[in-house]
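Subject: Structure handover and notes

Dear colleague,

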Amino acid sequence: MYILGIETSCDETAVSVVRGQRNTVDIVSHIISSQIPTHRKYGGVVPEVAARHHVVNMIPVVHEALRQAKLTAHDIDVIAVTRGPGLVTSLRIGVQSAKALAYAWHKPLLGINHMEGHIYANWFAHPPIQFPVVSLVVSGGHTELIHMPRHGTYRLIGRTRDDAAGEAFDKVAKLLGIPYPGGPHIQQLADKGDATRFDLPRPMLHTKNYDFSFAGLKTAMLYLVRKEFSQKKPPLPDLCASFQQAVIDVLVHKTVRAAQEYQARSVLLAGGVAANEPLRTQLGAALHKLNAKILYTNPPLKLCTDNASMIAMAAYWHAKKKERGSWKTMEADPNWELV
């Protein structure tokens with residue numbers, strides 16, 4: 001089965017073709033047209049600008065994905081598209097494009113939840129994932145702990161009450177004068193810094209629930225910089241290392257506790273922040289210490305940030321159950337929650 005996936009939830013125009021057979025899915029082509037250089041000068045994504053770029057990029061990216069896959073429209077079995085959540089102006093471009101292709105090519109259409117796609121990125125190039133699963137989804141817009149007893153069944157067990165982890169990274173980066181996107185730059189600086197130099201809070205670390213909060217940590221960074229470094233150059237590596245470690249401590253602690261309570265056989269890391277190497281390493285070490293038999297996976301780096309391969313992967317498991325959507329009724333839903 002060949003699935004063509006389309007992802008336009010934010011500022012990446014992405015199209016991918018995957019080939020699925022039984023429980024194995026391989027990437028045949030993987031194309032991303034990034035808008036980071038465009039939005040960097042604004043310090044963040046401008047929705048109207050992102051939508052205009054999607055309009056310009058969509059058809060060329062679809063053609064390139066088919067060309068690299070050495071396939072034609074006739075070979076595609078299913079079209080999958082991110083229906084939400086995300087920026088409504090960006091989502092609409094992807095959904096309308098997918099609907100047009102489904103109509104023109106006479107193909108079935110599947111609308112996929114963006115967060116489900118991030119979770120399913122873990123099914124590429126990993127040992128067989130065993131259920132039940134606990135998944136930590138960390139991105140610019142979401143920080144959630146999801147319990148999965150089986151394919152396609154999700155239970156939300158914790159989420160951020162304010163800023164997502166990735167959002168906090170970007171806002172702190174902007175506070176420190178670090179270029180957009182903030183996460184990768186903060187990690188690079190943190191690699192050279194002392195994470196113990198500044199004693200920052202670990203919000204909600206010891207609460208009984210699995211919710212998160214990062215707005216207070218962001219504010220603590222603001223007050224620290226204003227108080228200590230208003231008249232002198234701030235030590236960016238130490239500030240970044242201290243901030244990054246505070247975020248990681250909370251994410252790791254709550255994920256490990258959730259894995260223990262829900263008797264997870266697999267723990268998955270997903271979302272853009274899953275590319276953070278210290279988080280990947282420290283979560284793996286903590287889970288191994290808890291129970292060496294737990295399968296811990298994180299996506300290949302190229303599949304952590306927004307991409308269409310993860311959307312096509314999630315679609316494969318829906319297509320196996322003969323699920324189908326309609327190009328006549330499908331609409332973008334910027335607030336579509338996985339659970």
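The notes below go through the helices, the salt bridges and the backbone in turn.

Please keep in mind throughout that this is a predicted model.

**Helix α10**

Helix α10 covers residues 309-320, and its twelve residues reach 17 Å from the first C-alpha to the last, which is close to the 16 Å expected at 1.5 Å a residue. The helix is mostly covered, with eleven of its twelve residues buried; among them are Met 310, Ile 311, Met 313, Tyr 316, Trp 317 and His 318. These buried residues pack against the strands β1 (2-7), β2 (12-21), β3 (24-34), β4 (78-84) and β5 (109-113), and also against helix α4 (114-120).

Just after α10, Lys 322 takes a positive phi of about 65°.

**Helices α8 and α9**

Helix α8 (residues 236-261) and helix α9 (residues 277-290) have axes that come within 10 Å of each other and cross at roughly 35°, and the crossing of α8 and α9 is right-handed. On the α8 side the contact includes Ile 248, Leu 251, Val 252, Thr 255 and Val 256, and on the α9 side it includes Leu 279, Gln 282, Leu 283, Ala 286 and Leu 290. The residues of this contact between α8 and α9 divide into eleven nonpolar, five polar and one charged.

**Salt bridges**

The structure holds twelve salt bridges, and I describe some of them here. In one of these, the side chains of Glu 331 and Lys 99 meet at 3.5 Å, N to O. Glu 331 lies in the segment after α10 and Lys 99 in helix α3 (residues 88-105), so the pair ties together parts that are 232 residues apart in sequence. With 45% relative accessibility, Glu 331 counts as partly exposed, whereas Lys 99, with 9%, counts as buried.

A salt bridge also joins the side chains of Asp 238 and Arg 197, at 2.8 Å, N to O. Asp 238 belongs to helix α8 and Arg 197 to the loop between α6 (182-190) and α7 (215-228), so this pair ties together parts that are 41 residues apart in sequence. Asp 238 counts as buried at 14% relative accessibility, while Arg 197 is partly exposed, with a relative accessible area of 44%.

Salt bridges that share partners also join Asp 163, Glu 167, Lys 171 and Lys 218 into one network. Within this group, the side chains of Lys 171 and Asp 163 meet at 3.6 Å, N to O; Lys 171 counts as partly exposed at 35% relative accessibility, and Asp 163 is buried, with a relative accessible area of 8%.

**Backbone geometry**

Some backbone values may deserve a look before you prepare the model for calculations. The peptide bond from Phe 131 to Pro 132 is cis, with omega near 5°, and Pro 132 lies in the loop between α4 and β6 (133-138). A cis peptide bond also joins Tyr 180 and Pro 181, where omega is about -5°, and Pro 181 is found in the loop between α5 (165-175) and α6.

Positive phi values in residues other than glycine can be found at His 106, where phi is near 60°, and at Met 204, where phi is about 60°. His 106 sits in the loop between α3 and β5 and counts as exposed at 71% relative accessibility. Met 204, by contrast, is placed in the loop between α6 and α7 and is buried, with a relative accessible area of 18%.

With kind regards

Notes: Residues numbered from 1 in each chain as written. Predicted model: local features only at pLDDT ≥ 70, side-chain atom pairs only at ≥ 80, totals over all residues. Heavy atoms only, no water. Axes fitted to C-alpha atoms, helices over the stretch in contact; angles between N-to-C directions. Helix = DSSP H or I, 4+ residues; strand = E, 2+ residues; numbered from the N terminus. Left-handed = near helix turned anticlockwise from the far one by under 90°. Contact = heavy atoms within 4.5 Å. Nonpolar A, V, L, I, M, F, W, Y, C, P; charged D, E, K, R; others polar. Expected span 1.5 Å × (residues − 1). Buried < 20%, exposed > 50% of the residue type's maximum accessible area, 1.4 Å probe, protein only. Salt bridge = Lys/Arg side-chain N within 4 Å of Asp/Glu carboxyl O.
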